Amino acid sequence: MLRILVVEDNPDLRETLSLLLEAEGRHIEAVANAEDALRAFTAQAFDVVFTDVKLPGMSGLDLAARLRATDLPPW
């Protein structure tokens with residue numbers, strides 16, 4: 001199963017992106033900010049992360065850098 005994490009602070013856009021990405025064999029999780037994305041990512045593995053660049057608090061670019069630097073166990 002392909003696991004996709006959507007990070008978008010706009011609730012309507014977050015919902016729309018999640019619906020557009022839904023398909024058989026995919027699990028979509030959507031969160032509103034980078035901090036929630038980090039918590040979700042450390043709880044389970046994701047194959048793809050779609051993130052907004054301008055997020056409240058930590059930016060999407062900073063989130064991407066943190067995710068790449070995270071030393072997670074192999075799933």
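Trainee: Starting with Arg26, which strand does Arg26 lie in?
Mentor: Arg26 lies in strand S2, which covers residues 26-31. Keep in mind that this is a predicted model.

Trainee: Is Arg26 buried, exposed or partly exposed?
Mentor: Arg26 has a relative accessible area of 36%.

Trainee: What is Arg26 in contact with?
Mentor: If you leave aside neighbours within four places in sequence, Arg26 is in contact with Met1, Leu2, Ile4 and Leu21.

Trainee: How far apart are Arg26 and Ile4 in sequence and in space?
Mentor: They are 22 residues apart in sequence, and 7.2 Å apart in space from C-alpha to C-alpha.

Trainee: And where is Ile4 found?
Mentor: Ile4 is found in strand S1, which runs over residues 2-7.

Trainee: Does Ile4 count as buried or exposed?
Mentor: Ile4 counts as buried, because its relative accessibility is 3% and the cut-off for buried is under 20%.

Trainee: What does Ile4 touch?
Mentor: Not counting residues up to four places away in sequence, Ile4 touches Leu21, Arg26, His27, Ile28, Glu29, Phe46, Val48 and Phe50.

Trainee: How far is Glu24 from Leu2?
Mentor: Along the sequence, Glu24 and Leu2 are 22 residues apart. In space, the C-alpha to C-alpha distance is 9.3 Å.

Trainee: What about Ser18, which helix is that in?
Mentor: Ser18 lies in helix H1, residues 11-21. Its relative accessibility is 11%, so Ser18 counts as buried.

Trainee: Which residues does Ser18 touch?
Mentor: Val6, Ile28 and Ala30, not counting residues up to four places away in sequence.

Trainee: Is the crossing left-handed or right-handed?
Mentor: H2 passes H3 in a right-handed crossing.

Trainee: Which residues make the contact?
Mentor: On the H2 side they are Ala34, Ala37, Leu38 and Phe41, and on the H3 side Leu63, Arg66 and Leu67. By class, this contact of H2 with H3 has six nonpolar residues, one charged and no polar.

Trainee: Take Leu38 from that list. Buried or exposed?
Mentor: Leu38 is buried, with a relative accessible area of 14%.

Trainee: And what is Leu38 in contact with?
Mentor: Leaving aside neighbours within four places in sequence, Leu38 is in contact with Met58, Leu63, Arg66 and Leu67. Also, the C-alpha atoms of Leu38 and Thr70 are separated by 9.5 Å, and these two are 32 residues apart along the chain.

Trainee: Now the largest nonpolar core. How many residues are in it?
Mentor: There are 13 residues in the largest nonpolar core, and Leu5, Val7, Ala37 and Leu63 touch the most other members. S1, H2 and H3 each supply at least two residues of this core.

Trainee: Where does the largest share of this core come from?
Mentor: From H2, which gives five residues.

Trainee: Last one. What does Ala37 touch?
Mentor: Ala37 touches Leu5, Val7, Val31 and Leu63, not counting residues up to four places away in sequence.

Notes: Residues are numbered from 1 along each chain as its sequence is written. This is a predicted model: local features need pLDDT of at least 70, side-chain atom pairs count only at pLDDT 80 or more; totals for chains, interfaces and linings use all residues. Side-chain values use heavy atoms; hydrogens and water are left out. A crossing is left-handed if the near helix is turned anticlockwise from the far one by less than a right angle, and right-handed if clockwise. Helices (H or I, at least four residues) and strands (E, at least two) are DSSP runs, numbered from the N terminus. Contact means heavy atoms within 4.5 Å. Ala, Val, Leu, Ile, Met, Phe, Trp, Tyr, Cys and Pro count as nonpolar, Asp, Glu, Lys and Arg as charged, and the others, Gly among them, as polar. A nonpolar core is a set of buried Ala, Val, Leu, Ile, Met, Phe, Trp, Tyr and Cys residues joined through side-chain atoms within 4.5 Å. Buried means under 20% relative accessible area, exposed over 50%, partly exposed in between (1.4 Å probe, protein chains only).
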